[in-house]
Amino acid sequence: MSDLAYLYGEPDVTCFFKQFFADFQVTEILPFTPCGEGEHLWIELEKTGENTMWAAEQLARCLKVSPRQVSFAGLKDRQGITRQWFSIQYPISSQPDLTRLPETLKVLQCHRNLRKLRRGALSGNHFTMKLRHVNNIESLTHRIDSIKKGVPNYFGPQRFGHDGSNLQKAEQMFAGKRIKNRDKRSLYISAARSFVFNQLVSARIRSGLAHQILSGDCMILSGSHSYFIAHEVDDELRQRLAQRDIRLSGPLVGAGKLPSEDEAYQFEMKQLEENSHWLIGLERVGLKQERRPLLVVPEELSWQIEGDSVNLSFYLPAGSYATSVIRELACFSSVYQGDA
């Protein structure tokens, strides 16, 4: 992500991030609660230094079920303390024994539900984090005030794998290499699509158009995936954007023509042409055209100074990355040193 544009200029702040697991804490927020009955067992786990797939495997082993029976809403970072829900299809007549889970997995609550937990079925995530050894506290606090207006909605580096390995795999797959594992195939496709989106957002920022509506822009209604075309850009539309009733969007590319029109279409096509080798591969896999907000606003944002450290807390909607927020605040190093 080093080549992507900053919305508020490259930070003059440096700090350490994720030195300890407790420095990065995530709580998954669902849009509903389990009803208390049904064949699906819903478990909220607190994971310390463990990734989601490994935790799902441990649940399957503990309950003696197939890993395929364990589902979750989304993947969470390994380096941190993360709280998320899992669901397991488990006989109603059986009492689950979760005492044999590894000590890095702590059961917070357990309920029954009529349906399984599906991928993407979450409202968002609440983040609590500590930035250590901040070299310029005053500058950091000014930047915190700035991000209240939003940050680039970039996909984070974890989407692309270590040293961009997921993008390399995507290139090989688009060149004809067969990927049998469906989950890996989906991961590589998502990485390619996310890369293209990031490049377009960066280009729009560099052009000074991050907050400006172009004729033909696809305007997303806040809190939904629905959008409409801005055929005429007037003061009413600008006011709705300023009030966050609507959001500017960029394409998650797929088969067919972009839905944007006029100036917005011309701008997007110019950027996409520079990534044409990705577009060809993404069209072939049959993805449909979708839209994603260009910017995301950290909600419930609060911060506290603690010596040369700053504690941050905020909420992001599903699909947005905390690293994109931190990137606008400081140039950080992540060097894990052990448990705090």
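Modeller: Residues are numbered from 1 along each chain as its sequence is written, and side-chain values use heavy atoms, leaving out hydrogens and water. In this predicted model, local features need pLDDT of at least 70 and side-chain atom pairs count only at pLDDT 80 or more, while totals for chains, interfaces and linings use all residues.

Colleague: How many salt bridges are there by the rule used?

Modeller: The rule asks for a side-chain nitrogen of Lys or Arg within 4 Å of a carboxyl oxygen of Asp or Glu. By this rule the count is 11.

Colleague: Which residue forms a salt bridge with Glu46?

Modeller: The closest N and O atoms of the pair are 3.0 Å apart, and the partner of Glu46 is Arg83. Glu46 lies in strand β3 (residues 40-48) and its partner in strand β5 (residues 81-89), so the pair ties together parts 37 residues apart in sequence. Strands here are DSSP runs of E with at least two residues, helices are runs of H or I with at least four, and both are numbered from the N terminus. The partner asked for is Arg83.

Colleague: Is Glu46 buried or exposed?

Modeller: Buried means under 20% relative accessible area, exposed over 50%, and partly exposed in between, with a 1.4 Å probe and protein chains only. Glu46 has 18% relative accessibility, so Glu46 counts as buried.

Colleague: Where does Arg204, the salt-bridge partner of Asp217, lie?

Modeller: The side chains of Asp217 and Arg204 meet at 2.7 Å, N to O. Asp217 lies in the loop between α4 (182-206) and β9 (218-221), and Arg204 in helix α4.
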